[in-house]
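The sequence and structure come next.

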Amino acid sequence: RAKRVEAKYLRAGAAGSLASVVTVACPTRGLRDALERRQAAGGNATAVIVAEAARLLRKYPAFNAYHDDGTAHYYEGVNVGFAVDAGRGLKVPVVRDADRKGIAAIAGEMRELVVAYLDDALTVDALAGGTFTVTDLSGEGVSTFHPLINRGQSAILGVGAEVFPPGSDAGAFHLILAFDHQLSEGRTAARFLNE
């Protein structure tokens, strides 16, 4: 039943969009530096990525929108969902107004939502209203993949595992943005990812 519901939402997201994907390799050193600066404030890697994506969605509103019947619709709020699948089915809890919150607040809210997921206590409200999604498969050792855009959204950010180019001690991880090409284009997606 859960897979049928998941497929329904993903099919609806695919039906109304013209999906494109852009991937950028980011030096892991940069993420580690950001974490060191922000860990005192209670941040973790996923919270830092959610916070940065939320901040950038104000600058790149085409990724905080959706396309319907030839018309672009832009969301006023920035509500970032994050994909969770730890044996109880794929769910996407939502951090509301993420662009207005600090990393510690986002990290705390994400922890509460994951605990609710593990306790099978997520409410419909906790899963509704997402305007953008982050999905992180780095913990599974996946370095790159093609995230699927959710219904009512125009983009999803995937986070891949650290990889080491041949002969290099410096690692990098992939940020992957799947987006609706009806609202944006590859160059803008690359700029979003690089920032």
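## A pocket and a helix crossing

The second largest pocket holds about 460 Å³ of space. The model is predicted. Lining this pocket are 21 residues. Nearest its centre lie Glu 52, Phe 173, Leu 175, Leu 193 and Glu 195.

Which elements give two or more residues to the lining of the second largest pocket? They are listed here with their residue ranges.

| Element | Residues |
|---|---|
| β1 | 19–27 |
| α2 | 28–38 |
| α3 | 45–59 |
| β8 | 172–180 |
| α6 | 186–194 |

By class, 15 lining residues of this pocket are nonpolar. Two are polar and four are charged.

α3 also packs in a helix pair. Two packed helices are described by the angle between their axes and the distance between the axes. The partner of α3 is helix α4, residues 103–118. The two axes come within 9 Å. They cross at roughly 120°, which makes α3 oblique to α4. The crossing of α3 past α4 is right-handed.

Which residues of α3 and α4 meet? From α3 come Thr 46, Ala 47, Val 48, Val 50 and Ala 51. From α4 come Ile 103, Ile 106, Ala 107 and Met 110. In this contact of α3 with α4, eight residues are nonpolar and one is polar. No charged residue takes part in the contact.

Conventions. Residues numbered from 1 in each chain as written. Predicted model: local features only at pLDDT ≥ 70, side-chain atom pairs only at ≥ 80, totals over all residues. Heavy atoms only, no water. 1 Å grid on protein atoms, 1.4 Å probe; cavity = no way out; pocket = protein on both sides within 12 Å on 5 of 7 lines; lining within 4 Å. Points joined across faces, edges and corners; volume = space filled by probe spheres on them. Helix = DSSP H or I, 4+ residues; strand = E, 2+ residues; numbered from the N terminus. Nonpolar A, V, L, I, M, F, W, Y, C, P; charged D, E, K, R; others polar. Axes fitted to C-alpha atoms, helices over the stretch in contact; angles between N-to-C directions. Parallel < 35°, antiparallel > 145°, perpendicular 65-115°, else oblique. Left-handed = near helix turned anticlockwise from the far one by under 90°. Contact = heavy atoms within 4.5 Å.
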